[in-house]
Amino acid sequence: MKWKTLAFWLFVFTGIYFFFCSFNPYFYGRQEEVQLFFPECKIIWEMLREPGGFCTVLGQAIVQYYPDLSVALIINSFLLCTIGFLSYSLLQEIAPRVYNLFLALVPVFGLMKVHILSEYVLDGTIGLCLMMLLLYVFVRVRRVRTRFWFGIGSTVALYLLAGQLAALYGILLVVLSYLCGREKWYHLFVALLAGVALTYAGIRLAICIPLTDGIYSERYQEVQMQPDSYIYFVWIRFTLLLFLLLLIGTGMKYLPWNKILQKVIVTGCTVVVLFFFSSFCLPNQYDVQNMLMDKLSDLQQKGNWDAIIQMHQGEKVRNYISLNYLNMALAQKGRLGNELFHYDQRGPLSLLASWNRTYYMSCLLSDIHYMIGDISLSEGYAMEGLTLAKRGGSPRMLQRLVKISLIRNDFDLANKYLDILDRLPHYRRWAEIYEDYVYHPERIKQDKELSAKTLSSSRPDNLLCLIELDSLWMGHIEESGTNRIAWEYLGCSYLLAKEMEKFKTFLLRTRQLPEGQSLPVHFQEAALVLAVEDVSILDTVPVRTEILQRYKQFQKDILKIKNSSDGFVWLYQQYGDTFWFYYYCKKLNG
C-alpha cells in the first residue's frame, strides 16, 4: 500500500471518529442499555449454532463496552473505514484510478447515517465487513478453478457467519467477476444459487425472518421494531449502492485518462458529486431530536440536574420530552413551584408526556413516577421498557425493578432481578451492592434514595398505567412534609391545565407547609387569580407583598395593551415568567 493511500484512509478514520464524537456521543450508552447479552459459553454456543450467530455474538459483545466512549468510537470508525478501503480495493481491480478513493467513500457515508440511528445494531456492519473482505480475497484469486471453489465455499461460510447476507454476496460475486473481466465468470451462478438456496432453507425452517422484509421502507422497519429486519434493510441498500458503484467505476474507466488536465477534471467532478452525496449522512431534525433525548437521558441518569436546566435557559422549548426532563430537573432542585413558568410551558403534558409505546418514553415516564414516589406506575413503565428493549431486555430497567422490589420488601423478586444483573460484567458490582440489601434489609434505611421512597396507603392497580392525570399524586397530598416533589407536581399539573377549582381545593387542603418552607411563588400567583372570584382565600393563603403589588400592576398593564399591536410582546417581556401571563394570555394546545 502506498503511503499516500494509507494517509488518505487514516484521514478518513479520523474524520469518521470526530463525526461520531461531535454529533451524538451519548448515543452509544443508550445502545448498551437496550441489549441484554450474557457472556456465558452455553448461551454463546446456542447463538453460534444459528446462521448469522457469529455476527450477533460479536456485535452484542462489543456493545457491552459502549459505556467507554473511546472504545465505541474507535470500533465504529474502524469498521466503516475498513469497508471504505475494501470498496476502494474492488474498484481498483476494475480500473486503477485516483478517483476511486472518493467513490469508495459513498458507502461509508451511507453507513455513517445508519450508525446514528437507534433502530440499527452493530451486527449488520460486522456482516458487511466480512462480505467485503471475502469479495476482496475473491478478486485476488487468479486461477479459474480456485476462484470457483472459493466462491462456493465463501458463500457457505458467510451464511454460517452472517446469515442471509450470503444471497446478496452471491449476486455481487457474479457482478464483480463479470465487470473485472474474469474468465468463465458465469460459473459463479452456482455460488449465487447456493446462497439463495441456503437463505430460502433458513426462512422455510423458521430460523430467521425473511431477507425480503428489508425491501420495505424505513418507516415500516421502525414500526416492526425488529433489529434483524432493519439490518436487512441496510444490507439490501448497501448491496445496491455497491452494485451501482461497480457499474460507475466500469463506465468511468473509458473516460480519457492520459493528460493531467483530464485527470484533474474527472477527479474534480467525482469530488463534487461526493460532496453533494455527503449531505445524506448529515443529521436531520429527527436525528437531532434523538440526540437531544440521548443527552438529556444521560444527564438525568448521572443526576446532573443543573446541566439540564442550563440547557434550556433562554431557549424556546418546543417538545414535551425536553419539558418533562426540564421540569423533573427543576423538581429535583426544589425550584419547580418557583420557576415553572420561567420556561415556555405547553400544558399539562409538559409535566408528564403521553406514552408512545417506545422504550425511551417508557424509561422517561418510569423515572418521573419513581422520582414522585408513584411506585406502581414506575414499575408498570419499567416493565414496558423491559419488553420494548430491542434485544432481550434492558439492564437499566432491571435496576429500576430491583429498587422497586426492595422498596416493597419483596426480596425474592429483587433477588431474581439481581441474579440476571450479576451475569452481566458491567453490572456485576452494582448487583453485589444491592444484593447486600436482600440479606440485610435493615440497611435499606441507610440508603438515601430507597429510604426516601414510601408506598402509598391506597394501592390501586396501576400496572397498566391507566390513570387520570389529576389523580396521579393524590395519594401523596397529605405527605407534603416528606414528599414535596409529589405535592408540587400535583399543584403544577392543575396550574398547567388551568383547572383553578381543583387547584383551590388542593391549596386549601395542603396549605400547612413544614416549618421553614414557604408557598411556591407560582402557587401564590395562582392564589391571587382565585381571589378575583373569592377574596377570602387570601385570609388562609399567605401571599408576599411584592407579588401582590406586581399582580396589581399586571392588571393595569393588561388593560392598557388591548388595543396595542405590539402590546402582547411587551407584556410577555414584563410578565412572561408568571402564572398570570400563562393563565390569561396563553392558549393550550394539549
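User: What's the closest cysteine sulfur to the one in Cys129, and how far off is it?
Analyst: That's the sulfur in Cys55, 9.6 Å away, which is too far for a bond. Keep in mind that this is a predicted model, where local features need pLDDT of at least 70, side-chain atom pairs count only at pLDDT 80 or more, and totals for chains, interfaces and linings use all residues. Residues are numbered from 1 along each chain as its sequence is written, and side-chain values use heavy atoms, with hydrogens and water left out.

User: Is Cys492 buried or exposed?
Analyst: Buried, with a relative accessible area of 0%. Cys129 counts as buried too, at 13%. The cut-offs are under 20% relative accessible area for buried, over 50% for exposed and partly exposed in between, using a 1.4 Å probe and protein chains only.

User: Switching to charges. How many salt bridges are there?
Analyst: The count comes to 28, taking a salt bridge as a side-chain nitrogen of Lys or Arg within 4 Å of a carboxyl oxygen of Asp or Glu.

User: Which residues are linked in a network?
Analyst: Arg30, Glu33, Asp294, Asp367, Arg396 and Arg400 are linked by salt bridges. Within that group, Glu33 and Arg30 meet at 3.2 Å, N to O, and both of them are buried.

User: Which residue does Lys504 pair with?
Analyst: Lys504 makes a salt bridge with Asp534, with the closest N and O atoms 2.8 Å apart. This pair links distant parts of the chain, 30 residues apart: Lys504 is in helix 26, while Asp534 sits in the loop between helix 27 (521–531) and helix 28 (537–540). Helices are DSSP runs (H or I, at least four residues), numbered from the N terminus. Lys504 is buried at 18%, whereas Asp534 is partly exposed at 23%.

User: And how far apart in helix 25 are Arg484 and Glu488?
Analyst: Four residues, so about one helical turn separates them. Their side chains meet in a salt bridge at 3.2 Å, N to O. Arg484 is partly exposed at 22%, but Glu488 is buried at 2%.

User: Now the inside. How many residues are in the largest nonpolar core?
Analyst: It has 94 residues, and those with the most contacts inside it are Leu406, Tyr489, Phe503 and Phe523. Helix 19 (residues 359–372) gives the largest share, ten residues. By nonpolar core I mean a set of buried Ala, Val, Leu, Ile, Met, Phe, Trp, Tyr and Cys residues joined through side-chain atoms within 4.5 Å.

User: Why does this core lie between domain 1 and domain 2?
Analyst: Because domain 1 (3–212 + 223–283) and domain 2 (464–585) both give residues to it. The C-alpha centres of domain 1 and domain 2 lie 59 Å apart. Those domain bounds come from an automatic or database domain assignment.

User: Which residues form the nonpolar patch on the surface?
Analyst: Trp45, Leu48, Phe54, Leu58, Val156, Leu160 and Leu161, with about 600 Å² of accessible area together. Patches take residues with over 30% relative accessible area and no salt bridge, joining nonpolar side chains (Val, Leu, Ile, Met, Phe, Trp, Tyr) within 5 Å and like charges within 9 Å. The areas are from the Shrake-Rupley method with a 1.4 Å probe, where only the protein chains shown count as cover for residues.

User: Which helix gives the largest share of the patch?
Analyst: Helix 9, with three residues. Helix 3 (41–48) and helix 4 (53–63) also supply at least two each. Trp45 lies in helix 3 and counts as exposed at 53%.

User: Last one, what's the phi of Asn409?
Analyst: Positive, about 60°, although Asn409 is not a glycine. Asn409 lies in the loop between helix 21 (395–407) and helix 22 (411–422), and is exposed at 51%. Lys498 also has a positive phi of about 60° without being a glycine, and sits in the loop between helix 25 (484–497) and helix 26 (500–509).

Note on methods: Disulfide = S-S within 2.5 Å.
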